[in-house]
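Please keep the sequence and the 3D view at hand while reading.

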Amino acid sequence: MEKISSNPIHIVMTPVRNEAWTLRAFLEATSLWADYIIIADQMSTDGSREIAKEYPKVILIDNKNPEFNEAERQSMLVAKAREVAAGRDTLLWGLDADEVLAANTFETEDWKHILNSKPGDVFWFKWAEICPNQKEYWLSPTIYYPWLFHDDGKEPHGNYVRNMHSMRIPYPIEEKQMYYVDDFRVLHLAYLNEHRVASKRRFYQFVDWEMNHRSPISLSRSYTQTKKSERVLSLPDEFLYKTGEFGFDLLELVDTKVPKCYMDDYIVERFPRHSMKELRKLDIWDETFIQSYNLKDPQRPIDRCVHFYLRNTALKKDDALIRFFDKILKKLY
């Protein structure tokens, strides 16, 4: 492909709220190739802000809204990125603090394609979700995510307006300039801390229910762990950043033992806003969570039965019979 304009700059847009456990790993890896890393910090209290200030490519902005709102934070990040770009040819990356490009990215044909792309191009990526054993990774055979946009400067594109799971980049969904990256992966570090993953699933269920009033059945189907349905592959050394070549070891910079997550604090603080008659229907009540906050388990036997059914049929949720039962449950429960 003929390059439309030379030397596009790379601007990475990253929301942060108490992400110190992976932030140093993210910033070490991303600073190798990004020109600017814009971090929208949402009142972190775990040292995230202090870590971010150590890296010269970071531009730190404040997200002062204590509530969860993805559309607002992504709009803030995009606006700042375009201000920093100041009209220059720009690649806008939407990466979270637990995501880094695999170390072999920069030798691939898809990376060359990205560098030679044109405004309006959108790139979709697959995760390599590193397993807790740090020797394997999960790979979904079908799921791609749009995390890179060769900015065309147009606004609004109107696709990062949802309060949850909003698009990270302002790409034009009516266009056809879509490219699917297969030559490299985005390493997802989330599962290196399984406690945090459980907290995030609980958090998403609660927040989605609180903001969007979805049924407990639909929420459980959306957020229950289904990793067993994905392929498990050996983690290649070429994916990882090693001290000999890069000056740091990526996985050694990840703190996998963070015992508590702000996301649990967030929902527990909001419990008084709601009736326990409503909350007990949410599939969020595991023993570790209950004990951590000295909570009284509000579940009735019927709630436990429903939650048991939902968790144990998660891998079969698309079966006709399961969908039929789910439809009945939504009406009765």
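Across the whole structure, a search finds 1 cavity of 30 Å³ or more, where a cavity is a set of points on a 1 Å grid over the protein atoms alone at which a 1.4 Å probe fits but cannot get out. The volume of the largest cavity is about 30 Å³, a volume being the space filled by probe spheres set on the points.

The model is predicted, with local features needing pLDDT of at least 70 and side-chain atom pairs counting only at pLDDT 80 or more, while totals for chains, interfaces and linings use all residues. Residues are numbered from 1 along each chain as its sequence is written, and side-chain values use heavy atoms, without hydrogens and water.

Gln42, Asn63, Asn65, Glu67, Phe68, Asn69, Glu72 and Arg73 line the largest cavity, lining residues being those with an atom within 4 Å of a point.

Of its 23 lining residues, Arg201, Tyr223, Thr224, Gln225 and Arg311 are the closest to its centre. Helix H5 (194-212) gives the most to this lining, with 6 residues, and helix H11 (301-312) supplies at least two; helices are DSSP runs (H or I, at least four residues), numbered from the N terminus.

## An exposed residue

Leu332, in helix H12 (residues 320-332), is exposed at 68% relative accessible area, the cut-off for exposed being over 50% with a 1.4 Å probe and protein chains only.

Technical notes:
1 Å grid on protein atoms, 1.4 Å probe; cavity = no way out; pocket = protein on both sides within 12 Å on 5 of 7 lines; lining within 4 Å. Buried < 20%, exposed > 50% of the residue type's maximum accessible area, 1.4 Å probe, protein only.
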